[in-house]
Structure formats: C-alpha cells, structure tokens
Amino acid sequence: MKKLIIYSIFSVLLLNVSCESYTEDLNNDPNNFSSAPPELIIGQAQLGWMQLVTSNSARYAGIFMNHFTGEDRQYLTVNSYSTTAADYDDTWDDAYVDGIAQAQLTKKLAAESGNTQLVGIAQIVEAALFGEMAALFGDIPFSQANDVANFPNPAYDAQASVLTGVQTLLDNAISNVGSATLTYAGNRLSGSATWAEVAYSLKARYYLLAKDYPNALTNARLGIDTPAKSLVSLHTTSTNTENLYYQFIVDERDGYLGATNSHLVNLLNGTTPRLINTPGDADRFTFYFSPNGAGFVPNTSSTGVFAETASMNIISYEEVKLIEAEAANRTGDPGDVAAFDEVRAHLATTFGGSFPATASASGSAALLAEILEEKYITLIGELQPFHDVRRTNNLLNVPPKTGTEIPQRFLYPQVEVDTNSSIPGTLPSLFTKTPINQ
C-alpha cells in the first residue's frame with residue numbers, strides 16, 4: 001500500500017500541468033510538481049469512488065452473490081469461488097490510491113485555503129470509500145492510512161472501529177457542506193440532492209451494515225427521498241468515459257461476464273418464484289438481461305441497464321427507501337409498509353408494469369424477506385446486495401455458485417501482503433466472516 005500511495009499523490013499533481021509558454025521555466029524539472037488545486041483533486045477522488053463501486057469489485061460481488069455468472073477464462077475461476085490475493089490488488093488501489101489518498105489531500109488543501117464546503121465533500125467521499133472497504137475486507141488500515149512518513153506499515157483498525165470513524169467523518173461533513181447541492185461534482189456525478197442528504201444516506205447505509213437499525217432508520221429519513229436525488233455516475237461515448245460495465249463487457253473482455261442460470265435471472269423470469277408475484281418483472285428482465293444463445297448476458301444495448309452512457313447508482317433513492325423499510329421493520333416502526341410500497345410504486349412507474357403492494361403485516365418476518373428480496377433485485381450491479389446477503393446470514397437463501405457457502409469477504413490483496421508488515425498474521429479465507437457478521 002505505501003508504495004502505491006506515493007505514486008498516487010504524484011499522479012494527482014500531474015493535473016496541474018499547463019502550456020502557458022514553450023520556454024517559461026525551461027530549466028525546471030517538468031516531473032517535479034509540488035501542488036495542485038483541491039478543486040481538481042476532488043474529481044480524482046470521485047473517480048476512485050466510482051471505480052471501486054461500479055467496476056471490478058462490483059463484478060466480483062455480483063458473481064459471488066449470484067447476480068451474474070463468470071463464463072470465460074479467469075472469470076470461470078471467480079464463478080467457482082477460486083480467487084487469489086493478487087485478484088484484489090485493483091480493489092485496494094481503487095480505494096486507497098485513486099480515492100482515499102486524493103480525498104485526504106483535497107481535505108487538507110481545502111482546509112488550508114478556507115474552503116470548508118470542499119472539506120466536507122472530501123470527507124463524504126473518504127467516508128464512503130472507507131465504509132465500502134470495511135464492508136468488503138473487515139479490519140483495514142484507517143487511522144494510520146496514507147501517512148507513509150509516520151506510519152510506513154499502517155495498523156489495521158477493527159472493522160467496527162472503522163465504521164464508527166466513518167460516521168464521525170460523515171457528521172463532520174454534514175457540518176461543513178451546509179445546504180450545498182452537488183458542487184464540485186463536475187462531469188462525474190449527478191443528482192439533485194444536497195451533499196448533506198447524500199451524507200445522511202451514507203450514514204444510513206453504514207449504520208445498516210453495522211446492524212444499528214435505529215440509527216439507520218433515523219438517518220434514512222433525513223437522506224435521499226426522491227428518485228431525482230439519487231447520486232449517480234455520468235458516462236459518455238468517449239473512450240474510457242463509458243459505463244464501466246459496458247467497457248468491461250463490450251470493449252475489454254467480451255464473454256467473460258454473463259448471467260446464464262444466475263439466481264437473479266431465475267427470479268425475474270419466473271424459474272424461481274418471487275415472494276410477491278410481480279408481473280412487471282417481465283419488463284425489468286429485458287432491461288437487465290439480453291439473450292445469448294441458450295443463456296443470458298447483462299444488457300449493454302442502448303436501452304439496457306449497462307448501456308454505454310447509462311448512469312450507475314452511487315447511492316440511490318431506492319436503496320435509501322429500502323433501508324428505511326428494513327430498519328423500520330426491525331425496530332417496530334409502522335412505516336415499513338409505506339416505505340416498501342413507495343419503492344414498488346416507483347418501480348411500476350419506471351418499468352410500466354405491475355408491482356403489487358405488499359400484503360404482509362408491518363413488523364412481520366414475511367415483510368422483511370420481501371424488502372430484502374426487492375433490494376437484491378433492484379440494486380443490480382451494486383455492492384450493497386452482497387453486503388446484505390452476508391449481514392443477514394443469507395436470509396434469502398441465495399444459492400451459492402458452488403458448495404454450500406457464499407463468500408464472506410474479499411481477500412487481503414497481494415500488494416498489501418508484500419509491503420505492509422502490519423497485515424494480520426493469520427490471513428482470513430474467502431469464507432471467513434467479517435467481525436460484524438460473526
């Protein structure tokens with residue numbers, strides 16, 4: 001990790017290159033940059049966030065929890081839950097190098113220039129990245145992360161402590177961003193929510209992850225509350241700006257990622273009965289998947305969920321409402337039915353089909369299962385259903401790809417094993433539950 005962080009700061013500073021004159025500063029070393037505006041660096045941090053939650057990590061999680069199927073070459077081994085530490089180097093790089101280091105640098109420089117609002121935005125990005133890494137890996141470097149001079153071998157903080165730290169970062173961010181909408185989102189993120197609403201939504205997500213359902217409920221009700229406020233990624237048809245699923249499936253590794261016989265396919269096409277009979281799933285199925293011979297692949301057509309310019313959810317209205325529904329259900333709050341039915345009504349509008357309201361009682365186990373199933377289906381291509389499957393001890397009985405267990409974590413990456421002597425002495429396996437799920 002420490003070697004990558006040094007590279008990260010160097011790479012961000014490259015953003016400050018200009019061409020004011022062919023001869024100005026001719027004798028200065030062009031590769032020795034010392035500063036860059038935080039208003040530029042925040043964009044790199046946001047790209048790191050997008051990369052972590054919509055690229056390789058999301059694809060692996062999608063295979064593990066049976067949204068997708070690994071169908072060719074190394075993805076065949078992912079499909080059989082046979083991965084190595086080196087397979088997770090990119091995930092560590094996306095988070096610590098491309099995301100967290102840049103958010104922390106933005107935070108530092110913005111504080112020095114008195115830009116409190118930008119400090120808060122950087123804290124939101126930093127918190128989200130740490131939250132996802134804790135969810136995926138368990139104990140991770142947090143309090144000593146990215147401080148190579150003082151901590152060349154950063155200690156691993158307990159997963160629960162990291163999640164507490166994430167909440168503190170988000171609390172501070174809310175104080176700093178005020179009522180600002182998506183300033184400094186540039187051409188990377190979009191949505192009509194305020195940054196504070198985004199932060200409250202993330203607080204709800206990570207309280208849910210920690211199984212603190214009362215606080216998850218409180219914060220969900222302060223977060224994103226309309227579809228237009230969903231925080232989403234932006235993509236174009238220009239090279240390397242397309243939807244990241246599209247890039248992988250169409251441009252880079254055709255045939256690797258499919259969906260043939262996946263649990264998600266079977267739920268939507270009726271092979272496996274849903275808890276609520278949902279005729280609108282026929283329309284949703286064609287949005288999610290395309291036929292591929294005798295099987296199916298994720299839909300990357302111009303009208304598909306993974307189209308070239310299709311946005312991906314970073315945190316969405318649907319997710320926040322379903323967090324509210326689950327947390328209300330678990331805490332005896334009567335709002336669980338209304339929150340769940342609100343999502344179902346929204347899906348009916350979105351897909352133009354029938355998504356009947358629940359007939360289950362408030363607070364019932366039946367309703368809880370319906371909420372979790374809807375979230376599993378609705379958040380296609382995202383990390384959150386993988387977190388839910390593990391947090392609930394697979395309450396939905398999602399069938400494993402092989403054997404009897406769904407993976408419980410990502411493996412610590414080889415780059416960390418090789419360079420950080422603080423890594424846990426006994427490395428957990430893919431099926432070792434993270435501490436909060438034990």
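## Close-up views of a predicted model

**View 1. Asn146 sits in the loop that runs between strand E2 (140–141) and strand E3 (156–157).** The model shown here and in the other views is predicted. Phi of Asn146 is near 65°, which is a positive value in a residue that is not glycine. Most residues other than glycine have a negative phi. Asn146 has a relative accessible area of 15%; the limit for a buried residue is under 20%, so Asn146 counts as buried.

**View 2. Arg73 occupies the loop between strand E1 (69–70) and helix H4.** Arg73 is not a glycine, yet its phi is positive, at about 50°. The relative accessibility of Arg73 is 57%, and the residue counts as exposed.

**View 3. Helix H10 (residues 244–252) has buried residues covered by other helices and strands.** The buried residues of H10 are Leu244, Tyr245, Tyr246, Gln247, Phe248 and Ile249. Among the elements that cover them are three helices, H2 (38–54), H3 (56–64) and H4 (74–79). Strand E6 (257–258) and strand E8 (295–298) are also included in this cover. At the start of H10, Asn243 places a side-chain oxygen within 2.8 Å of the backbone nitrogen of Tyr245. Phe248, one of the buried residues of H10, has the charged end of Arg59 over its ring, at 3.7 Å from the ring centre.

**View 4. Trp92 and Tyr96 form an aromatic pair in helix H5 (residues 89–113).** In the model, 29 aromatic pairs are counted. In the pair of Trp92 and Tyr96, the ring centres are 4.8 Å apart and the planes stand at 35°, so the pair is tilted. Trp92 and Tyr96 are four residues apart in H5, and about one helical turn separates them. An α-helix has 3.6 residues a turn, so residues three or four places apart point the same way. Trp92 and Tyr96 are both buried.

**View 5. Phe285 and Phe289 form another aromatic pair, also tilted.** The distance from centre to centre is 5.6 Å, with 50° between the planes. Both Phe285 and Phe289 are buried.

**View 6. Strand E7 (residues 289–292) pairs with strand E8 in the antiparallel sense.** Four bridges join E7 and E8. Phe289 stands opposite Pro298 in E8. The hairpin of E7 and E8 has two residues between the strands, and Gly293 in this hairpin has a positive phi near 65°.

**View 7. Three strands form an open sheet in the order E4-E5-E9.** The pairing in this sheet is antiparallel. Strand E4 (189–190) and strand E9 (313–315) are at the edges with a single partner strand each, so one side of each has no neighbour in the sheet. Strand E5 (residues 231–233) is joined to E9 by two bridges, and the strands run antiparallel. Leu231 stands opposite Ile315 in E9. Helix H2 lies across E4, E5 and E9, at about 105° to E9.

**View 8. Glu319 is a buried residue of helix H13 (residues 317–331).** The relative accessible area of Glu319 is 1%. When neighbours within four places in sequence are left aside, the contacts of Glu319 are Arg205, Lys375, Leu379, Glu382 and Gln384.

**View 9. Ile406 is in the loop between helix H16 (384–391) and helix H17 (414–419).** Ile406 is buried, and its relative accessible area is 6%. Leaving aside neighbours within four places in sequence, Ile406 is in contact with Phe64, Tyr81, Phe386, Val389, Asn394, Val398, Pro400 and Phe431. Ile406 and Ile63 are 343 residues apart along the chain, and their C-alpha atoms are separated by 9.9 Å. Phe386, one of the residues in contact with Ile406, has the charged end of Arg390 over its ring, 4.2 Å from the ring centre.

Key: Residues numbered from 1 in each chain as written. Predicted model: local features only at pLDDT ≥ 70, side-chain atom pairs only at ≥ 80, totals over all residues. Heavy atoms only, no water. Buried < 20%, exposed > 50% of the residue type's maximum accessible area, 1.4 Å probe, protein only. Contact = heavy atoms within 4.5 Å. Polar contact = N/O pair within 3.5 Å; in protein donor to acceptor, adjacent residues only side chain to side chain. Phe/Tyr/Trp six-rings, centres within 6.5 Å; stacked < 30°, edge-to-face > 60°. Lys NZ or Arg CZ within 6 Å of the ring centre and 35° of its normal. Pairing = 2+ DSSP bridges. Axes fitted to C-alpha atoms, helices over the stretch in contact; angles between N-to-C directions.
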